[in-house]
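Please walk me through this structure, one part at a time. I have not seen it before and would like a plain account.

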Amino acid sequence: MKKIGVLTSGGDCSGMNAAIRSVVRTALSKGLEVYGIRQGFIGLLDGLIKPMDSRSVSGIVQRAGTILHTARCEEFKFDRGQEQAVKTIQDFGLDGLVVIGGNGTMAGALALHNKGVPVVGIPGSIDNDLYGTDMSVGADTALNTTVSMIDIIRDTASSHDRAFIIEVMGRDSGYLALVSAVASGAEAAIIPEVPFDLDAIATHLFERYKAGKTNSIVIVAEGASSAYTIERKLKNKIGYETRISVLGHIQRGGATTVFDRLMASKFGHNAVEGLLHGKFGVMTALHNSQYMYVALEDTVLKKKKINSKLLDLAVDLSS
Ligand code: F6P
């Protein structure tokens, strides 16, 4: 292993830069050449590949986004695109690849692994829905941003005696919604993993209202429903005047938290070490406070379950 490439793909998240920096500096410290691939798998199709040095990753450990840029690449989902990527990897003489991103990205990494490319993945997604790792890079930063925003909304909700329906990201995952509900003291959370009963939620909120609680927060994961739909159905049933807030892409940026910087740095380091020690077709992971590797096949094929203890906590604290 003499030359490796690194790319970021799919939705960006805070901490991708810290991971890139760690991959580049670890690789250089082990005497490897390292190449940055621009715009995710598109860069592999179009040969957007440039050498990186230590200075090219200076001053980015705290910065959200990705200096390598990212994209969702339709062409790469098909065999022809994947074959083209393998050819580019051969043309540039890359002996291994580090791929940073979420579910779709790990599926792409697995496709390359199955075509014989030595690949290690690093989980990076605010959704934190990758099987095999307790945390993905970016989830902690997104949570901190989300909870800060909910705290701010709570200020105005309490002044006006209102209920706010707040939509957070999470295409198929309620992790952000559930953790931010617990951490912000929300009265209800609606997530895709658990069937919800809006009449029961309305009754719960109305009882709180009658008991003198002057405001309420309902968090909705976008994968479960939309804040607009939920508000329409709760309105006029819960006592409070209602308002809507959709947090959207605010949750993807923002200065990377210490937790994400540290984990991304360790993942980057472990990814390069993995390549050097012949650990291919794996993703770096953090499980039960231990850093480890999980097979890409498991990550791609298995579904991460929502933590049932967290669910119980959210229910018990929402009264
Ligand atoms: O996968 C991360 C995520 O932020 C999801 O929560 C969200 O549904 C999606 O990306 C949005 O993607 P885009 O930025 O391409 O609209």
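Where is Gly59 found? Gly59 sits in the loop between strand S3 (49-52) and H3. The model described here is a predicted one. Within it, Gly59 has a relative accessibility of 51% and therefore counts as exposed, the cut-off being over 50%. Although 41 residues separate Gly59 from Ala18 in sequence, their C-alpha atoms are 9.6 Å apart in space.

Two packed helices are described by the angle between their axes and the distance between the axes. For helix H1 (residues 16-29) and helix H9 (residues 258-276), the axes come within 7 Å and cross at roughly 40°. The two helices, H1 and H9, are therefore oblique to each other. The crossing of H1 with H9 is right-handed. On the side of H1, the contact is made by Ala18, Ala19, Ser22, Val23, Thr26 and Ala27. On the side of H9, it is made by Arg261, Ala264, Ser265, Gly268, His269 and Val272. Sorted by type, the residues of the contact of H1 with H9 comprise six nonpolar, five polar and one charged.

A second pair of helices can be read in the same terms. Helix H7 (residues 198-210) and helix H8 (residues 227-234) pack with their axes 10 Å apart, at an angle of about 65°. H7 and H8 also have a crossing that is right-handed. H7 contributes Leu198, Ile201, Ala202 and Leu205 to the contact, and H8 contributes Ile230, Lys233 and Leu234. The residues of this contact of H7 with H8 divide into six nonpolar, no polar and one charged.

Next come the charged pairs. Side chains of opposite charge can pair when their charged atoms come close. With salt bridges taken as a side-chain nitrogen of Lys or Arg within 4 Å of a carboxyl oxygen of Asp or Glu, the count comes to 11 salt bridges. One of the salt bridges joins Glu273 and Lys30, with 3.1 Å between the closest N and O atoms. Because Glu273 lies in helix H9 and Lys30 in the loop between H1 and strand S2 (33-37), this pair ties together parts that are 243 residues apart in sequence. Glu273 is partly exposed at 24% relative accessibility, and Lys30 is partly exposed too, with a relative accessible area of 37%.

Another salt bridge is formed by Lys115 and Glu83, whose closest N and O atoms are 2.9 Å apart. Lys115 belongs to the loop between helix H4 (103-114) and strand S5 (119-123), and Glu83 to helix H3 (residues 79-91), so the pair ties together parts 32 residues apart in sequence. Lys115 counts as partly exposed, at 26% relative accessibility. Glu83 is partly exposed as well, with a relative accessible area of 40%.

Since Arg162 is in strand S6 and Glu241 in strand S9 (residues 241-246), the pair ties together parts that are 79 residues apart in sequence. Is Arg162 buried or exposed? Arg162 has a relative accessible area of 13% and is therefore buried, whereas Glu241, at 41% relative accessibility, counts as partly exposed.

Why is helix H6 (residues 175-184) said to be largely enclosed by the rest of the structure? Eight of the 10 residues of H6 are buried, so the helix is largely enclosed. The buried residues are Tyr175, Leu176, Ala177, Leu178, Val179, Ser180, Ala181 and Ser184. They pack against helix H5 (139-160), strand S6 (162-168), strand S7 (188-190), strand S8 (216-221) and helix H11 (308-317). After H6 comes Gly185, which has a positive phi, near 70°.

The last stop is Ser318, in the segment after H11. Ser318 is buried, with a relative accessible area of 13%. Apart from its neighbours within four places in sequence, Ser318 is in contact with Ala186, Glu187 and His204.

Key
Residues are numbered from 1 along each chain as its sequence is written. This is a predicted model: local features need pLDDT of at least 70, side-chain atom pairs count only at pLDDT 80 or more; totals for chains, interfaces and linings use all residues. Side-chain values use heavy atoms; hydrogens and water are left out. Buried means under 20% relative accessible area, exposed over 50%, partly exposed in between (1.4 Å probe, protein chains only). Helices (H or I, at least four residues) and strands (E, at least two) are DSSP runs, numbered from the N terminus. Contact means heavy atoms within 4.5 Å. Axes are lines fitted to C-alpha atoms, for helices over the stretch in contact, and angles run from 0 to 180 degrees between N-to-C directions. Angles under 35 degrees count as roughly parallel, over 145 as roughly antiparallel, 65 to 115 as roughly perpendicular and the rest as oblique. A crossing is left-handed if the near helix is turned anticlockwise from the far one by less than a right angle, and right-handed if clockwise. Ala, Val, Leu, Ile, Met, Phe, Trp, Tyr, Cys and Pro count as nonpolar, Asp, Glu, Lys and Arg as charged, and the others, Gly among them, as polar.
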